[in-house]
Amino acid sequence: YRVTGPSGSSIFFPAAGYSHKDSVYNAGLYAMYWQNALYVGYPPDAYCYSFSERMRGNTYYSRNIGLSVRAVKPKAVPAR
């Protein structure tokens, strides 16, 4: 999935699905990416953002499954 922002810049999110133990599930169907926050109601879980052709939104999963991570380099801060 390619997401384009207001500036016209875009970022690509592969629909890699998720892994658990020795298997991969929903590859090619769902993009599932970890966020940087634990689920407050149950700290062994963490928030993620999931999307496919039919849905998108925040949810949470157990941290023992393998979701994708998309590293983003922050804009450089000008030297003073």
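**Aromatic rings and strands in a predicted model**

Q: Which residues form one aromatic cluster here?
A: Y1, F13, Y33, Y49 and F51 form one aromatic cluster, where rings of Phe, Tyr and Trp (its six-membered ring) pair if their centres lie within 6.5 Å. This is a predicted model in which local features need pLDDT of at least 70 and side-chain atom pairs count only at pLDDT 80 or more, while totals for chains, interfaces and linings use all residues. Residues are numbered from 1 along each chain as its sequence is written, and side-chain values use heavy atoms, with hydrogens and water left out.

Q: How many aromatic pairs does that rule give?
A: The count comes to 8 aromatic pairs. One of them joins Y1 and F51, edge-to-face, at 5.1 Å centre to centre with 65 degrees between the planes; planes under 30 degrees apart count as stacked, over 60 as edge-to-face and the rest as tilted.

Q: Why does the pair of Y1 and F51 tie parts of the chain together?
A: Y1 lies in the segment before β1 (2–4) and F51 in strand β6, so the pair ties together parts that are 50 residues apart in sequence. Strands here are DSSP runs (E, at least two residues), as helices are (H or I, at least four), numbered from the N terminus.

Q: And F51, buried or exposed?
A: F51 is buried, with a relative accessible area of 9%, whereas Y1 counts as partly exposed at 26% relative accessibility; buried means under 20% relative accessible area, exposed over 50% and partly exposed in between, with a 1.4 Å probe and protein chains only.

Q: What about the rings of Y47 and Y60?
A: Their centres are 6.4 Å apart and their planes at 80 degrees, so the pair of Y47 and Y60 is edge-to-face. Y47 in strand β6 and Y60 in strand β7 are 13 residues apart; Y47 counts as partly exposed at 26% relative accessibility, and Y60 does too, at 37%.

Q: How do β6 and β7 pair?
A: Strand β6 (residues 45–51) and strand β7 (residues 56–62) pair in the antiparallel sense over 7 bridges, given that two strands pair if DSSP finds at least two bridges between them. A hairpin through 4 residues joins β6 to β7, and F51 stands opposite R56 in β7.

Q: Switching topic, how many helices and strands does the chain have?
A: The protein chain has 0 helices and 7 strands.

Q: What share of the residues is buried?
A: Of the 80 residues of the protein chain, 18% count as buried. The C-alpha trace spans about 45 × 30 × 20 Å along its principal axes.
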